[in-house]
Amino acid sequence: DRRQRQMCIRDRYCNFRKENNKMKIEAQNLINYHCPRWNELPEIELYIDQVICVLQNNLAIFLKEENTPVITPNMINNYVKQEVLMPPIKKKYNKTHLAYLFVICILKRLMSISEINESIKSMKKSYSVEDGYNVFCEELEKALKKAFNPTEEIEPIFKEEDTREYATLKAIVSAFANCILVDKLILLRK
């Protein structure tokens, strides 16, 4: 009986260590996450299946469950119908489409499509699509680093000179990063 208890304690400890190591690896992957900048997006126009592949390859790290799609053709078509995304040109999607879709795929966990649309419109008042997208990527990476490595010294989230749009963007990506942290911690419990 005593030996069984010792084995049980050892097994729980080993499981905890495995889970802890898995979390460390996932945390490190998220700390090192690189959101492709505007100049890293494909120069050529893509068909919908290629767009889905690009998004899946870059955003699967944020999924709650493996083997689920980041986005589907129906979702993309709905974003076009809802006028969040402009229609493709001759069934092809360009860099602007991809940038919008990166933002939409990340933010849809936190916000409604209409809220995302309003946020994008608001950012476009201060930034070009290229600059706004690059700022989004930079702030997302900073937020992930802060959420998954809270001991690292990172500048304060808000600065006095931040515009309302920029402060909103920072808050949104910070919320997203913390949402991902919660998801990963919950997955470890299962």
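This note goes through the nonpolar core and the salt bridges of a predicted model.

1. Basis. The model is predicted, so local features need pLDDT of at least 70 and side-chain atom pairs count only at pLDDT 80 or more, while totals for chains, interfaces and linings use all residues. Residues are numbered from 1 along each chain as its sequence is written, and side-chain values use heavy atoms, with hydrogens and water left out.

2. The core. The largest nonpolar core holds 56 residues. A nonpolar core here is a set of buried Ala, Val, Leu, Ile, Met, Phe, Trp, Tyr and Cys residues joined through side-chain atoms within 4.5 Å. Buried means under 20% relative accessible area, exposed means over 50%, and partly exposed lies in between (1.4 Å probe, protein chains only). Phe62, Leu140 and Phe148 touch the most other members of this core. At least two core residues come from each of helix 1 (2–31), helix 2 (48–59), helix 3 (73–81), helix 4 (95–107), helix 5 (113–126), helix 6 (129–148) and helix 7 (164–189). Helix 4 gives the largest share, ten residues. Helices are DSSP runs (H or I, at least four residues), numbered from the N terminus.

3. Phe148. Leaving aside residues up to four places away in sequence, Phe148 touches Met23, Ala27, Leu30, Ile31, Ala177, Ile180, Leu181 and Lys184. Contact means heavy atoms within 4.5 Å.

4. Glu141 and Arg37. Three salt bridges are found in the whole structure; the term requires a side-chain nitrogen of Lys or Arg within 4 Å of a carboxyl oxygen of Asp or Glu. One of them joins the side chains of Glu141 and Arg37 at 2.6 Å, N to O. Glu141 sits in helix 6 and Arg37 in the loop between helix 1 and helix 2, so this pair links distant parts of the chain, 104 residues apart. Glu141 and Arg37 are both buried.

5. Lys95 and Glu43. The side chains of Lys95 and Glu43 also form a salt bridge, at 2.9 Å, N to O. Because Lys95 is in helix 4 and Glu43 in the loop between helix 1 and helix 2, the pair ties together parts 52 residues apart in sequence. Lys95 is buried, at 12% relative accessible area, whereas Glu43 is exposed, at 63%.

6. Glu139 and Lys142. In the salt bridge between Glu139 and Lys142, the closest N and O atoms are 3.4 Å apart. Both residues lie in helix 6, three residues apart, about one turn of the helix. Glu139 counts as buried, with 6% relative accessibility, and Lys142 as partly exposed, with 30%.
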